[in-house]
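User: I would like to learn how to read side-chain features in a structure like this one. Could you walk me through a few of them?

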Amino acid sequence: MLVKHKIQQLLRMVPGKQRFGVYRFLPLFFILGGAMEWFMVRVRIGKETFYDVYRRKQSERQHEQNLEGR
């Protein structure tokens, strides 16, 4: 129960409850989403970013479809 109480206390500290209700957390989620997108574009793990892997996999799928269609 101590953890639950601490979380509730932390959530109560976020301003705007009267005016915005649960929507007061939207700016936080936009910032988190932007940070995640930046990480996926800029941070390399090994030699590839997330989008390098995505493009490669998409190209492989398209190549396989072309081979099956022949």
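Predicted model: local features only at pLDDT ≥ 70, side-chain atom pairs only at ≥ 80, totals over all residues.

User: Where is T49 found, and which residues does T49 touch?

Analyst: T49 sits in the loop between α3 (26–42) and α4 (50–69). Leaving aside residues up to four places away in sequence, T49 touches M40, V41, V43 and R44.

User: Now the rings. How many aromatic pairs does the structure hold?

Analyst: There is one aromatic pair in the structure. The partners are F50 and Y51, with 5.2 Å centre to centre and 80° between the planes.

User: How do I read that angle?

Analyst: Planes over 60 degrees apart count as edge-to-face. At 80°, the pair of F50 and Y51 is therefore edge-to-face. As for accessibility, F50 is partly exposed at 43%, and Y51 is partly exposed at 26%.

User: On to charges. How many salt bridges does the structure hold?

Analyst: The structure holds four salt bridges. The general idea is a side-chain nitrogen of Lys or Arg within 4 Å of a carboxyl oxygen of Asp or Glu. One of them joins the side chains of R44 and D52, at 3.1 Å from N to O. R44, which also touches T49, counts as exposed at 52% relative accessibility.

User: Which residue forms a salt bridge with E48?

Analyst: That partner is R56, and the closest N and O atoms are 2.4 Å apart. Both residues are partly exposed: E48 has a relative accessibility of 30%, and R56 has 35%.

User: And what about E60 and R56?

Analyst: Their side chains meet in a salt bridge too, at 3.6 Å from N to O. E60 counts as partly exposed, with 37% relative accessibility.

User: How far apart are E60 and R56 along the helix?

Analyst: The two are four residues apart in helix α4, so about one helical turn separates them.

User: Which residues do salt bridges with shared partners join into one network?

Analyst: R44, D52 and R55 are joined into one network in that way.

Note on methods. Residues numbered from 1 in each chain as written. Heavy atoms only, no water. Contact = heavy atoms within 4.5 Å. Phe/Tyr/Trp six-rings, centres within 6.5 Å; stacked < 30°, edge-to-face > 60°. Buried < 20%, exposed > 50% of the residue type's maximum accessible area, 1.4 Å probe, protein only.
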